[in-house]
Amino acid sequence: MKKLSALVTAALVTGLVISTHSAIASSHLPKEAHKDMKGQENIQSVDSTDFMEFSGLITEVKKDKESYTLIVKNQENDSEMHFPLSDKVLLFNSDSTEAFEKNKLVKGLTITAYYDKNKPMLMIYPPRTTPEIIVVNGKDMGQVKVSKFDDQYVSLDNELKLNIAEDTILLNKQGDKIKKEKLKGKELIVFYDISTRSIPAQTTPKKIIAWDNRDKLFEQVQEAVGDDYYIKNGMKLLPIKKVGEHLGYKVKWDSKKATVELGKQNQTIQIYIGKEKYSLNRSLRSFEVVPAVINDAAFVSEEILEVLLNNK
């Protein structure tokens, strides 16, 4: 009974869930004009973040040729989690805000791991999940906030407001510099030192990284498409209406011009059936494989995903 009680308690504290993905109904074109958790305890009722976080001391590092796993213990509530590390995990130092090398993760370091709260997890103890982000807590005043923010750069849990300065470093997940406008609508990893005592606290961040979650979006698109695709010249052709609407675009078919137009915010894409050229905000680009109508539906090379996801 004691073991069972410990297991149930751990599951509740950690917020473990087993989730399933729903299939999305298919629809095509054209047919004649034809969608602060500190130590695991603070889970917001508002959807302020896609992540759960767990802070603790690395008590063991298990590694071999194929795997790298951190055993982390939170000494405040005596809970433990195991974190297998993938090659895609982002590692940072909270003080320097710079990338942290995986081989320097050793016993005795204090870290905060962030993992997708919507990811399916088994009800096991100790909990085991692959983190997307790990922050190594430094000795100085470096702080990190991972959250969604509104148009005024206030976190959706109302804990922190960002006063972005000209020297604030703005990057995307891939490490490329981006403009301030690209932060909107994305989960942000915010590095800062000091903040006011107001509600919400205000700070001028040193660095902000926009988390675009491309891997998840690619998976969701593939799941929405399912078997509804064709292979041409070694490349996958996707049903553009289904893909576009899944990513939030309005999709229109012009039967006279044989074009598909996708629109979202300040981005407009025109795809010309039977031609390799397409237009992105009036700038001409090219597909490797020419778009085609197959069984009364418009299909476009999967190359278009890079364009669509850049505006997600």
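**Exercise 1.** In which loop is the place of Ala258?

*Solution.* Some ground rules first: this is a predicted model, where local features need pLDDT of at least 70, side-chain atom pairs count only at pLDDT 80 or more, and totals for chains, interfaces and linings use all residues. Residues are numbered from 1 along each chain as its sequence is written, and side-chain values use heavy atoms, with hydrogens and water left out.

Step 1: Ala258 sits in the loop between β15 (250-254) and β16 (259-264). Strands are DSSP runs of E with at least two residues, numbered from the N terminus.

Step 2: Phi of Ala258 is near 55°, a positive value in a residue other than glycine. Most residues other than glycine have a negative phi.

Step 3: Ala258 is partly exposed, with a relative accessible area of 25%. Partly exposed lies between buried (under 20% relative accessible area) and exposed (over 50%), using a 1.4 Å probe and protein chains only.

**Exercise 2.** Find the loop that holds Gln265 and describe its phi and exposure.

*Solution.* Step 1: Gln265 belongs to the loop between β16 and β17 (267-272).

Step 1: although Gln265 is not a glycine, its phi is positive, about 50°.

Step 2: Gln265 is exposed, its relative accessible area being 71%.

**Exercise 3.** Which residues does a cis peptide bond join, with omega about 0°?

*Solution.* Step 1: the bond joins Tyr125 and Pro126.

Step 1: Pro126 lies in the loop between β5 (110-116) and β6 (133-136).

Note on methods. Helix = DSSP H or I, 4+ residues; strand = E, 2+ residues; numbered from the N terminus.
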